[in-house]
Amino acid sequence: MTDLNQLEHDLLSQVEAAGDEAALESVRVSALGKKGSVSELLKTLGAMSPEERKERGPLINGLRDKVQGAITAKRETLAEAALEARLSAERIDVTLPVPEAPEVRGRVHPISQVIEELTAIFADMGFSVAEGPDIETDYLNFTALNFPEGHPAREMHDTFFLASDEKGERKVLRTHTSPVQIRTMTSQKPPIRVIIPGRTYRHDSDQTHTPMFHQVEGLVIDRQANIAHMKWILEEFCKAFFEVEQVKMRFRPSFFPFTEPSAEVDIQCSRKGGEIRFGEGTDWLEILGCGMVHSNVLRNCGLDPDEYQGFAWGMGIDRIAMLKYGMPDLRPFFEADVRWLNHYGFRPLDIPSLVSGLTS
Ligand code: DAH
């Protein structure tokens, strides 16, 4: 009798003291498991005389029910406490700011932005966009553009050559966007008005040169296209692109195999305290090469130079991006550093247009 009371007292206080589910479970096993203290007592009932069983039976079964009941109640209490703890640990502060969505947080690379700007400006003047492959034939990159075989001008381009193919033909990574002039003149009938933005490659690397860079070419072919038209177009472009009222330009005689006459164009600027401004000042900065398309080039494209004429120009996109947005070094353009992109990149939904403003 007393030992049953003692056992009950011990077990109930062990149940009460269990701090978590695992502790409670080991109390249950020690009492009600196969070899548990209460189970062992239950087993003794079988060997008892009927009188003894009548007396001890209800006491032992009562003990089992009490312990079982206490364990069930304790389990519920522990579960509630665990839930309570989890709810308070995982509470969300709904007043915290929502993180920006990827399409808002992402940034447009300055090169892509400048290509969009160029396209908007020239589209407004009636130009469409033409494109060609980065891997180009030697013929289109040089020969068709009136670079004779072995001509020193080929050397000037620091060309990347690919290994010869089975026909012995050695392709190149295009050194300029000019081969797309040939592709355009051989696939479209004049009048032609295109710009050709794209990647170009030369074996060169320093603060303002990278082995891969970008150019935009322009080409106009019809019966009367002349130098005055070219000057007007380039001047309108510079004013729109640099967002200034006036810009003075200087055409210096130059040489390119595919144009005759050829010129390099400088624009007026001021350099005060390391900052370059356009539309003012007494300094000059070279921004592009241009000229009247050479008659040999027209002939190479099946156009009769007595019937058609035109002009072309080529400009470094990276260079004009650096000038417009005050970026001193070209190399980080191609390093994919998100910190640089966060600083110099553009918001994705601010698409440049002449109506809403190129950069505002
Ligand atoms: N292709 C020349 C270069 O990469 C740039 C150029 C000069 C393009 C004069 C032209 C042009 O279309 O007329 O240096």
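Is Thr 177 buried or exposed? I looked this up at the outset and found that Thr 177 counts as buried, because its relative accessibility is 0%. I note that the model is predicted.

**Entry: Thr 177**

I placed Thr 177 in the loop between β3 and α9 (179-187). Setting aside neighbours up to four places away, I listed its contacts as Ile 196, Gly 198, Thr 200, Gln 215, Val 216 and Glu 217. I also checked Gly 218, which is 41 residues from Thr 177 in sequence and 9.3 Å from it in space, C-alpha to C-alpha.

**Entry: ligand site**

I found 15 residues around the ligand, the closest being His 176, Ser 178, Arg 202, Gln 215 and Glu 217. I then looked up individual atom pairs. An N or O atom in the side chain of His 176 is 2.9 Å from a ligand nitrogen atom. For Ser 178, I recorded 3.0 Å between a polar side-chain atom and a nitrogen atom of the ligand. Of the 350 Å² that the ligand exposes when taken alone, the protein buries 91%.

**Entry: nonpolar cores**

I counted 44 residues in the largest nonpolar core, where Phe 237 and Trp 313 have the most contacts. Among the elements that give two or more residues to this core are α6 (110-124), β5 (212-222), α10 (227-242) and β7 (259-272). The largest share, seven residues, comes from α10. For Phe 237, leaving out residues up to four places away in sequence, I noted contacts with Leu 118, Ile 121, Phe 122, Met 125, Met 315 and Ile 320. A second, separate core has 23 residues, including Ala 130, Met 185, Val 297 and Ala 312.

**Entry: Asp 266**

I located Asp 266 in strand β7. Asp 266 is buried, because its relative accessible area is 3%, and buried here means under 20%. I looked for a polar partner and found Arg 252, whose side chain makes a polar contact of 2.8 Å with that of Asp 266. Beyond four places in sequence, Asp 266 touches Lys 248, Met 249, Arg 250, Arg 252, Trp 284, Leu 285 and Glu 286.

I then turned to Glu 166, in the loop between α8 (152-155) and β3 (172-173). Glu 166 counts as exposed, because its relative accessibility is 74%. Glu 166 and Ile 60 are 106 residues apart in sequence, and their C-alpha atoms lie 97 Å apart in space.

**Entry: backbone geometry**

I found a cis peptide bond from Pro 190 to Pro 191, with omega near 0°. Pro 191 belongs to the loop between α9 and β4 (192-201). Glu 260 and Pro 261 are also joined by a cis peptide bond, with omega about -5°, and I placed Pro 261 in strand β7.

I next looked up positive phi values in residues other than glycine. Asn 146 has a phi of about 75° and lies in the loop between α7 (138-141) and α8. Asn 146 counts as buried at 18% relative accessibility. For Glu 243, phi is near 55°, and I found this residue in the loop between α10 and β6 (249-256). Glu 243 counts as partly exposed, at 41% relative accessibility.

Technical notes:
Residues are numbered from 1 along each chain as its sequence is written. This is a predicted model: local features need pLDDT of at least 70, side-chain atom pairs count only at pLDDT 80 or more; totals for chains, interfaces and linings use all residues. Side-chain values use heavy atoms; hydrogens and water are left out. A nonpolar core is a set of buried Ala, Val, Leu, Ile, Met, Phe, Trp, Tyr and Cys residues joined through side-chain atoms within 4.5 Å. Buried means under 20% relative accessible area, exposed over 50%, partly exposed in between (1.4 Å probe, protein chains only). Helices (H or I, at least four residues) and strands (E, at least two) are DSSP runs, numbered from the N terminus. Contact means heavy atoms within 4.5 Å. A residue is near a molecule or strand if one of its heavy atoms lies within 4 Å of it. A polar contact is a pair of N or O atoms within 3.5 Å; within protein, one must be able to donate a hydrogen and the other to accept it, and residues adjacent in sequence count only if both atoms are side-chain atoms. Accessible areas come from the Shrake-Rupley method with a 1.4 Å probe; for residues, only the protein chains shown count as cover.
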